[in-house]
Amino acid sequence: MLRYLARRLLQGVFVLWAAYTLSFLILFTLPGDAATVAAAGGGDASTVDPKLVEQLRHEYGLDQPLWLQYLHALGKALRGDFGANPQTGQPALHEVTQVLPNTLGLAAAALVLAVVVGFLLAVASTFPRASWLRQALGALPPLGAAVPVFWIGLLLLQWFSFHLRWFPSLGDEGFRSLVLPAVTLAVPTGAYIAQLLSRSLRLTLGRPYIDQVRAKGAGEARVHFAHALRNAVLPTLTMVGVLIGNLLAGTVVTETVFSRTGVGRLVVQAVGDRDLPVVQVVVVFAALVFVVSSLAVDLIYPLIDRRIVLGRAAAIA
C-alpha cells in the first residue's frame, strides 16, 4: 500500500513537472513579447519606447538563454512564485486564486449533475422491455456528446433567459446564475458517462451469473441495482476521473458564453496579453487536479469491488 502510494506520488510529481515544462516551451514559441506588452500597459504596442522594452526585457530576464530562463522560472515555481502579470504587476498565483472559487463551484455543480443524469440515463436505456424505447434512450448519449458546448449554451440562453426569463443571461451572482452554465457543461460530460456506463451495463447483463440471478426469480430492478451496476460501474469510474480535468477545460467556453468570472476567461485574456505566469499556474493546477482525481479513483476501486487490490486497479480499468 505505502509502496503503491509512493509510486503514484512520484508519477504525479513527474506529470506536474512535464506539464510545467511543456507549457513553458509552448508559450515561449507564441508570437509577441511580454516586455512589449508590459511597456504598452494595455495601450498600442507599436508606440512604446524601444529603450523601455529593452529595460523591461532585462528586468524579466528575457534577454537570457532559454535554458537559463527555464531553470530560473522552475526554481521560483517550486517556491510558489510563478511570476507576476506584466501589466498589473499582481502575482499570477494571486490572480488565479481570486477567480478559482467561481470555476470550482461551476465544475462541481456540473459534475454532480452529469453523474446523476448519466447514471439515470444509462440505467433507463437498459431497463425497459420494449426494444424501441431502449434504442431511443440509447441514442441520447451520442447526441449529447456530439453537440458543441457553445451551441448548448446559446440555446439555453435563448430559451430560458431571453424567452422564459427564468434565469439571468450573464454574470455570476447567486444560484440562479449558476444553473444554465452548469447544465451547459454537464450535457457532454453526462453523455460520456451514460454512453460508457450503458455499454458496460449491457455487457454485464449478458453474463452467465446474471442469468442465474434471474433464474432464482430476481426482478429487473434487483438485477440492475444489486448485481449488475456494481460490476459495470468500474470503467465509468475511470472515465469520471478523466472528465474532472476536462470539466476545467470546458469552463473556458462556458464562462465566455455566460460572461462569468473564472479561470477559463482569465486564461483566454492571459493568452491574448501574453501573461505567461497566469497560463502556467492554470496549466499546473489542471495537471494537479488530474493527478489527484486519478489517485482518488484508484483508491475508491477496492471500496466498490473487494477483489481489487491496489496496484492492480489500473489493469482492471
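1. Ser 259 sits in the loop that joins helix 11 (220–257) to helix 12 (263–272). This is a predicted model, and the points below should be read as such. The phi of Ser 259 is positive, near 50 degrees, in a residue other than glycine. Most residues other than glycine have a negative phi. Ser 259 is partly exposed, at 32% relative accessibility.

2. Arg 165 also deserves a look. Its phi is positive, about 60 degrees, and Arg 165 is not a glycine. The residue lies in the loop between helix 8 (149–163) and helix 9 (176–205). Arg 165 counts as exposed because its relative accessibility is 66%, with the cut-off for exposed set at over 50%.

3. Turning to the rings, the structure holds five aromatic pairs. One of them is formed by Phe 14 and Trp 17. Their centres are 5.8 Å apart, and the planes make an angle of 40 degrees.

4. Where do Phe 14 and Trp 17 lie? Both are in helix 1 (residues 2–29). They are three residues apart, about one turn of the helix. Phe 14 is exposed, at 54% relative accessibility. Trp 17 has a relative accessible area of 41%, so it is partly exposed.

5. Which residues do ring pairs link into a cluster? They are Tyr 20, Phe 24, Tyr 70 and Phe 82.

Conventions
Residues numbered from 1 in each chain as written. Predicted model: local features only at pLDDT ≥ 70, side-chain atom pairs only at ≥ 80, totals over all residues. Heavy atoms only, no water. Phe/Tyr/Trp six-rings, centres within 6.5 Å; stacked < 30°, edge-to-face > 60°. Helix = DSSP H or I, 4+ residues; strand = E, 2+ residues; numbered from the N terminus. Buried < 20%, exposed > 50% of the residue type's maximum accessible area, 1.4 Å probe, protein only.
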